[in-house]
Amino acid sequence: MRLLILNKRMKAVKRKKQNLVTHSNPESIISDQFRTIRANIKFTTGESDNLILLFTSPGKNEGKSTAITNLAVSLSQQKEKVLLIDANLRKPAIHHIFKKSESPGLTDILKGDKKFSEAVCSSGVGQLDILTSGSITTNPAEVLGNGLMTALLDKAGKVYDKVLIDSPPILHSTETRVLANQCSGVVLVLRRGKTQIEQAADARRVLELSQADLTGIIMNEK
């Protein structure tokens, strides 16, 4: 397993309306940091297309959704075709950040209520598309842990250059461990001053047990 610190100090953006800094203020220091993360991911994974990356964290409120949405925008600014999937069915955030409807989305596809093309929507930013979490479900582990999710990721990987998945915290959710095994790599998001060393170590061990490839770590500022 290859580990690369993608960025040592990425300031967290706290307010929802400011989350998409890479779009609203592309010349800012934070946007430049995401360009560094983008470059480091390409360095780590090579120039391979159809890359599927899962973003997770040891616990809650560590800046994971902010990190993945800004990276998705940054990738789309390089003319890449990107799909951002909200697989955090326990506490979805992507539809809030992009001001989209939560449904139809991922769960509606997996339940057979919608086709892939009917649930995916444009973000309005470059070639970035979004698949929101979808209708509320009471059993996210079962919904995400079946062959339909595997088939969906396989299809998305053939259509898009990059697929980014926002998932629940790895130490809290069984489904994240299952998804991690199906992706090209995993990015672990930590927050300085909040994430405990023991939690970060436990998250890495869980990823190893899941036979996931830890691509790198993003460290948020406190």
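Okay, let's start inside: Leu-152 touches Ile-85, Leu-106, Ile-109, Leu-110, Phe-116 and Leu-131, leaving aside residues up to four places away in sequence. Contact here means heavy atoms within 4.5 Å. Leu-152 belongs to the largest nonpolar core, which has 36 residues, and it is one of those touching the most other members, along with Leu-83, Ile-85, Leu-106, Leu-131 and Ile-165. Apart from that core lies another, of 27 residues, with Leu-20, Ile-41, Ile-97 and Phe-98 among them. By nonpolar core I mean buried Ala, Val, Leu, Ile, Met, Phe, Trp, Tyr and Cys residues joined through side-chain atoms within 4.5 Å. Buried is under 20% relative accessible area, exposed is over 50%, and partly exposed is in between, with a 1.4 Å probe and protein chains only.

Quick housekeeping. This is a predicted model, where local features need pLDDT of at least 70 and side-chain atom pairs count only at pLDDT 80 or more, while totals for chains, interfaces and linings use all residues. Residues are numbered from 1 along each chain as its sequence is written, and side-chain values use heavy atoms, with hydrogens and water left out.

On confidence, the mean pLDDT (the predictor's confidence in each residue, from 0 to 100) is 86 for the chain, and 90% of residues reach 70 or more. Over residues 1–5, though, the pLDDT is below 50.

Now, Asp-129. It sits in strand S5, residues 128–131; strands are DSSP E runs of at least two residues, helices H or I runs of at least four, numbered from the N terminus. A salt bridge needs a side-chain nitrogen of Lys or Arg within 4 Å of a carboxyl oxygen of Asp or Glu.

Eight salt bridges do pass that rule. Take Lys-64 with Asp-166, closest N and O atoms 2.7 Å apart. That pair links distant parts of the chain, helix H3 (residues 64–76) and strand S6 (residues 162–166), 102 residues apart. Lys-64 and Asp-166 are both buried.

Then there's Arg-90 with Glu-175, at 2.8 Å, N to O. Glu-175 counts as buried because its relative accessible area is 1%, whereas Arg-90, at 47%, is partly exposed.

Last one: Asp-154 and Lys-158 pair at 3.3 Å, both in helix H8 and four residues apart, about one turn.
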